[in-house]
Amino acid sequence: MTLDFTHDPARRSWVASAQAAGADFPIQNLPFGIFRRRGSAEPWRGGVAIGDQIVCLGAAQAAGAFEGLAAQAAQAAAQPVLNGLLAQGPAAWRALRHALSEGLVEGPVEGLAEGALAPRAQALRNALVPQAAADMALPLAVGDYTDFYTSLDHALNIGRLRDPANPLTPNFQWLPVAYHGRVSTLGVSGQRFRRPWGQVMAPGATAPVLRPCGMLDYELELGIVIGQGNAAGEPVALDAALDHVFGITLLNDWSARDIQFWEMLPLGPFHAKNFATTLSPWIVTLEALAPYRTPWTRPADHPQPLPYLESAGNRAAGALDIRLEVWLEPEGASRASRLSGTSFRHQYWTIAQMVTHHTVGGCALQPGDVLGSGTISGPAPGEAGALIELSKFGREPAKLEAGGERGFLLDGDTVVLRGWCEAPGRARIGFGEARGTVLPARAAWELGPK
Ligand code: MN
């Protein structure tokens, strides 16, 4: 993936807020989401974030802002979900990105008075909706959701709590471990869900009980959005894998630990994970992230990948330096507390390796499928992506900056994931946030026999 004019850090937009210090959505980003005016019954439709505004792609297209491939892409993106755009593939995505960047860029236009906008820019300006006046929806019709387990530091942190002598399962260093998750409870930022009930086996007990989760946790993850799919029986080669990825969101894989420990052997998580999963509303394209691709390495004394998970391209630029943070806002608290921060560049397996491994047995991926990266934890103590790691199974509750502590989440807690890329000489590329709130469990009488 090469850099072009759309990545130029000197590029500025005539949408002034795109240049604000620390802005998530400068002209180099251009992430896609689904929105409508707040409180309206308008149809949900595709838009692109620029500064604190949204370009309504349907309105811009109707006003003649795009031509050729870009027009086809904008047409597909003007629907209530982005799946049609995802199915079109990288050439169409790039054509629309180029047209948007050309239409939104600041600068003198030949033949026009200073400050005047070219016709395409005028059409885009007429299609702007303030983000503050918009509601956001889940941007995809997700057909399948797979959750991986690909952070070595997360696996070690969890494994050492369980068995300090053998923290890793034998497969971890040989394949990107995953399970098939649940689509029906995926939600967009702002999701509010009840604390789940489930079977829990207390330590020393001889029989489990059905009760509300007592060890509710979050997981800091990225959501990898599949663009073009692959046919059943036709695996995706490692060097072609990223052509199948449209972009990335933040993803919170809410987890009920006490339920998980009892139920997950031998077939994997079930109730522990299927009650809620929260995604950020803006999909940051892989194209926008190109300046932040970094080399991927595997320590020489670790098992090296099997040939189908190995390539020079993956070594050269397979990793992504995406900075991530978790914040906690207790109900009624005056301010939020930062719980942890890390970068996705530490991940043991790359996105391309996840896609290729997913399809190697013949599994078909489809446009709009979501792959969770697995909890993202870094090597230092403050880099853990889940409360169970930070609090050592709840035994050493994490201190909150704003006062109080947490072993696990309490009712009323709001967890906020944030992500961004930043480096000298490169434009900042932000992800916005994924926010979700824990509501009290249903009362026992609501579940019991009537
Ligand atoms: Mn997970």
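At what angle do helix H2 and helix H4 pack?

## Helix packing

Helix H2 (residues 68-77) packs against helix H4 (residues 90-104) at an angle of about 100°, and their axes are 8 Å apart. Axes are lines fitted to C-alpha atoms, for helices over the stretch in contact, with angles from 0 to 180 degrees between N-to-C directions. H2 is therefore roughly perpendicular to H4 (65 to 115 degrees).

In contact (heavy atoms within 4.5 Å), Leu69, Ala70, Ala73 and Ala74 of H2 meet Ala91, Ala92, Ala95, Leu96 and Ala99 of H4. By class, this contact of H2 with H4 has nine nonpolar, no polar and no charged residues; Ala and Leu are among the residues counted as nonpolar.

## Basis of the model

The model is predicted: local features need pLDDT of at least 70, side-chain atom pairs count only at pLDDT 80 or more, and totals for chains, interfaces and linings use all residues. Residues are numbered from 1 along each chain as its sequence is written, and side-chain values use heavy atoms, with hydrogens and water left out. Helices (H or I, at least four residues) and strands (E, at least two) are DSSP runs, numbered from the N terminus.

## Manganese site

Asp147 (OD), Glu219 (OE), Glu221 (OE) and Asp253 (OD) coordinate the manganese ion at 2.1 to 2.2 Å. Along the chain, the donors (N, O and S atoms within 2.8 Å of the metal, or 3.2 Å for Na, K and Ca) follow the spacing D-x71-E-x1-E-x31-D. Aspartate 147 lies in strand S6 (residues 145-149) and aspartate 253 in the loop between strands S14 (245-252) and S15 (255-256), 106 residues apart.

Aspartate 147 counts as buried because its relative accessibility is 1%; buried means under 20% relative accessible area (1.4 Å probe, protein chains only). Aspartate 253, at 0%, also counts as buried.

## Strand pairing

Strand S20 (residues 323-329) and S21 run antiparallel, joined by six bridges; pairing requires at least two DSSP bridges. Arginine 323 stands opposite serine 343 in S21. Six of the seven residues of S21 (residues 337-343) are buried, so this strand is largely enclosed by the rest of the structure.

Technical notes:
Buried < 20%, exposed > 50% of the residue type's maximum accessible area, 1.4 Å probe, protein only. Parallel < 35°, antiparallel > 145°, perpendicular 65-115°, else oblique.
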